[in-house]
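Me: I am new to this one. Could you show me how to read a few of its features?

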Amino acid sequence: MKHALIFLATLGLFLDVAQAETKLSWESKNPKNAEWTKITLGAVEKHFEKLDKAEDMGTFCPEYKNLDKGQKIAVWGELISAMSFYESGWNPNAQFTETGLGYDEITGKLLTSEGLLQLSYNDTKWASWCQFDWELDKNNRGSHPTTVLTPKNNLECGIGILARQINKHKKIVLSKNTYWAVIKEGHVNCKIPGITKMVSAVPFCKKK
């Protein structure tokens with residue numbers, strides 16, 4: 001038991017070091033976005049068991065199966081960064097009213113996608129881990145960030161949604177039952193080639 005605890009402590013230290021050295025592509029826009037990286041890697045580690053079930057991660061990172069856990073977490077981090085680029089242009093205050101998706105049951109207004117991963121208050125009806133509080137935000141919509149726009153809340157919510165999707169379908173890219181159009185096969189807003197290019201650029205994703 002003692003040896004097992006030592007091993008787990010060592011593994012945790014290794015992951016902390018690996019994560020500290022990881023830089024995701026959104027940091028190229030602003031070094032301060034390193035805080036998003038820290039949040040993202042922490043959330044990925046939390047949901048790693050579910051995310052690691054994705055049978056198609058090798059499409060994005062050819063060497064994925066040969067990587068250690070710390071490297072795999074970094075690859076997932078870059079996937080999130082790439083998705084965010086195509087969803088919001090790495091703008092944490094991005095908002096888009098979805099005129100064709102009806103009304104948000106929480107706000108009573110037209111559904112609006114918001115933040116780095118373009119999420120909505122309506123998600124809290126089924127994604128209990130999402131820390132969006134409309135009652136707190138509704139009188140402060142002119143002030144940023146609201147709870148849905150706060151990068152930590154937005155990223156942790158979105159990564160949980162992605163993990164849930166992968167746990168159920170075992171794939172990142174789907175032709176249906178996917179939250180984001182950018183990873184929906186055949187959708188007019190599909191950005192899989194661009195996302196693949198960004199993730200495959202991670203040095204240890206390249207075949208030796």
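Predicted model: local features only at pLDDT ≥ 70, side-chain atom pairs only at ≥ 80, totals over all residues.

Me: Is F60 buried or exposed?

Reply: Buried means under 20% relative accessible area, exposed over 50%, and partly exposed in between (1.4 Å probe, protein chains only). F60 has a relative accessible area of 1%, so F60 is buried. It sits in helix α4 (residues 57-60); helices are DSSP runs of H or I with at least four residues, numbered from the N terminus.

Me: Which residues is F60 in contact with, leaving aside its neighbours within four places in sequence?

Reply: Contact means heavy atoms within 4.5 Å. On that basis, F60 meets L79, I172, V173, I192, I195, T196, V199 and S200. The C-alpha atoms of F60 and A201 are 9.3 Å apart, although 141 residues separate the two along the chain.

Me: Where does H47 lie?

Reply: H47 is in the loop between α2 (34-46) and α3 (48-51). Its relative accessibility is 15%, so H47 counts as buried. Residues up to four places away in sequence aside, H47 touches I159, G160 and A163.

Me: And how exposed is K53?

Reply: K53, in the loop between α3 and α4, counts as partly exposed because its relative accessibility is 34%.

Methods:
Residues numbered from 1 in each chain as written. Heavy atoms only, no water. Helix = DSSP H or I, 4+ residues; strand = E, 2+ residues; numbered from the N terminus.
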